[in-house]
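Subject: Structure for your files

Hello,

The structure we discussed is below. My notes on it follow.

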Amino acid sequence: MKKINRVLAFALSLTMLIVLAAGCSSQSGGNSSAPSPAGNSATGGTSSADDSGNPLGLAQKIVISYSHVQSTTSPTHRAMEDFGKYLEEQSGGWVTLEIFPAGQLYNDATEIDAIVGGNIDMVSTYMSKLTSIDTATQYCLAPYLFESADEMEAFYTSEYAEPLYANINALGLNVVNVMFGGEQYFMSNGDSVQTIDGFQGKKVREGGGAMTQALYNALGASITTVPFNELYTAMQTNLVNIAVTSIDSAVSIQLQEVLKSVSSYKIQYAPYLIMFNQATWDSYPEALRTVITDGLEMARVKQLAYTEEGCAAAIETVKAVCDFYEASDAEIEELRDLWQPIVEEYVDSSWIDAINAFKAG
């Protein structure tokens, strides 16, 4: 009897082990939909918008690589950090932005080739630096095209500006938004530029190009092209007498230490293009493209606020160590009148027509 009981007990134990093993197998085996922790190449199981933590219904996690040449304290960098947070929030962590600032990955000379070649997904760059693609882009810095940064941004994100991007788009690039590159000031290491006569015989650091040379030749000055990161030394050694740049950018490299005066003539509002590689953009599902578009619009508004905040602080920094001159309306009109015929000579009529149509509309 005892032997039979032992056999029955053994049989029951064996049966329970088989049942438990089968249950564990059904819980841990089979296909898993958990995503890979890697970047753009990470793949997981197919997902839907109903899946918890994947509101965009992405089939894989996506990392958007973004390069720019500005410092990590710049308004653009700060705004794009906000954009990165927005992407993560809206995608439930399935989309992240990897930022490469201060030219650490690609600089002004290499970033366009990099994005055209698909080595980077997104860049932000001054439109005027795209002259190797389209010589007409230099005209975005023609003086007195717009009355304010708001007007400039509204134009470059409007349907009126779309034809101006034709040569850029033809390379496989997609302009998604525009940011404010900063109001340009005259910064002198000598006498204050209080009138247009103050340019006589001076060496001005500005972007190259025939139009720019003609503008400053009309003031009796010459053009010197110097990389921004060498501007401090160039002004310290008188290689440059007058720099034309945004005031927050100047303070970011401590340029006020070698300045004696800064003058505001409200000459231009520089556009910063936010561009994607077109093939990369097309690879994103529509839901993600919408989130990116909305996020960049949010970032544009924040970048403008950061710029205004930074410029206000930079002006106070400059005023503490050198003269700061606000040109009168009459002085601004005198400079505008001198430069307007030169602008009309060099700026392609399609640009002027587009801007006038935008303002009229």
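This is a predicted model: local features need pLDDT of at least 70, side-chain atom pairs count only at pLDDT 80 or more; totals for chains, interfaces and linings use all residues.

Residues are numbered from 1 along each chain as its sequence is written, and side-chain values use heavy atoms, with hydrogens and water left out.

Overall

The chain has 12 helices and 10 strands, taken as DSSP runs (H or I, at least four residues, for helices; E, at least two, for strands) and numbered from the N terminus. Of its 361 residues, 47% are buried (under 20% relative accessible area, with exposed meaning over 50% and partly exposed in between; 1.4 Å probe, protein chains only). Among contacts (heavy atoms within 4.5 Å) with a separation of 6 or more, 75% join residues 24 or more positions apart.

Helix α2

Helix α2 covers residues 75-91. Its 17 residues should span 24 Å at 1.5 Å a residue, and the end C-alpha atoms are 24 Å apart, which agrees; the expected span is 1.5 Å times one less than the number of residues. Its buried residues include His77, Ala79, Met80, Phe83 and Leu87. Ala79 counts as buried because its relative accessibility is 0%. Beyond its neighbours within four places in sequence, Ala79 contacts Ala299, Gln303 and Tyr306. The C-alpha atoms of Ala79 and Ala305 are 9.4 Å apart, although 226 residues separate the two in sequence. Arg78 lies over the face of Tyr306, 3.9 Å from the ring centre (a charge sits over a ring if NZ of Lys or CZ of Arg is within 6 Å of the ring centre and within 35 degrees of the ring normal). Gly92 follows α2 and has a positive phi, near 65°.

Aromatic pairs

There are 16 aromatic pairs (rings of Phe, Tyr and Trp, the last by its six-membered ring, with centres within 6.5 Å; planes under 30 degrees apart are stacked, over 60 edge-to-face and the rest tilted). Tyr216 and Trp339 are edge-to-face, because their planes are at 70°, with ring centres 5.4 Å apart. This pair links distant parts of the chain, 123 residues apart: Tyr216 is in helix α6 (residues 210-217) and Trp339 in helix α11 (residues 329-346). Tyr216 is buried at 1% relative accessibility, and Trp339 at 2%. Phe276 and Trp281 make a tilted pair, 5.1 Å centre to centre with 55° between the planes; both residues are buried. One aromatic cluster consists of Phe146, Phe155, Tyr156, Tyr160, Trp351 and Phe358.

Nonpolar cores

The largest nonpolar core has 90 residues, of which Tyr156, Phe186 and Tyr216 touch the most other members (a core is a set of buried Ala, Val, Leu, Ile, Met, Phe, Trp, Tyr and Cys residues joined through side-chain atoms within 4.5 Å). Apart from that core lies another of 21 residues, among them Val240, Val258, Leu259 and Cys322.

A loop residue

Gln138 is in the loop between β3 (122-126) and α4 (149-156). With a relative accessible area of 19%, Gln138 is buried.

Regards
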